[in-house]
Amino acid sequence: MKKIMGILLMLAGPILGAGLFAIGASQDAPGMCVIGLGLALIFVVKGLVLVDRISAYWSNRLLFNAFGAGGLLLTTVLLADGEFESRPQLSLIGFVIGIILLYLGNRRQIREK
């Protein structure tokens with residue numbers, strides 16, 4: 001039953017993610033596009049855990065690193081585009097969250113046996 005649920009998650013993730021991405025692209029809503037990509041990544045990784053292809057240890061590291069790097073890149077792009085306009089210090093929030101996620105993904109963790 002676990003493997004079937006994992007396969008369903010791996011199939012549903014990209015379908016739902018692509019749907020949200022398409023809606024976001026058509027409505028000029030970049031946030032919806034990012035949510036679609038994030039949802040697809042989470043569903044696929046958790047599906048891989050359920051079918052025993054990767055361990056929960058590596059799935060957490062992968063998700064933390066992916067979202068941390070994405071957050072840093074997105075914040076950098078928004079800052080360079082001038083989206084923060086008169087308050088560029090607000091970009092510090094995005095940088096701090098991205099750095100914390102990268103730290104959590106790269107720190108030494110105790111493996112589950």
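The legends below describe close-up views of a predicted model. Residues are numbered from 1 along each chain as its sequence is written, and side-chain values use heavy atoms, without hydrogens and water. Local features need pLDDT of at least 70, side-chain atom pairs count only at pLDDT 80 or more, and totals for chains, interfaces and linings use all residues.

**View 1. Ser59 in helix α3.** Ser59 lies in helix α3, residues 56-81 (helices are DSSP runs of H or I with at least four residues, numbered from the N terminus). Ser59 is buried, with a relative accessible area of 0% (buried means under 20%, with a 1.4 Å probe and protein chains only). Apart from neighbours within four places in sequence, Ser59 is in contact with Val45, Lys46, Val49 and Ile54 (contact means heavy atoms within 4.5 Å).

View 2. The largest pocket holds about 290 Å³ of space. A pocket is an open set of points on a 1 Å grid over the protein atoms alone, where a 1.4 Å probe fits, with protein on both sides within 12 Å along at least five of seven lines; lining residues have an atom within 4 Å of a point. The volume is the space filled by probe spheres set on the points, which are joined across faces, edges and corners. Among the lining residues are Val34, Leu41, Phe67 and Leu74. Helix α3 gives the most to this lining, with 5 residues.

View 3. Over residues 62-80 the chain is 100% helix, and the end C-alpha atoms are 27 Å apart.

Technical notes:
Helix = DSSP H or I, 4+ residues; strand = E, 2+ residues; numbered from the N terminus. Buried < 20%, exposed > 50% of the residue type's maximum accessible area, 1.4 Å probe, protein only.
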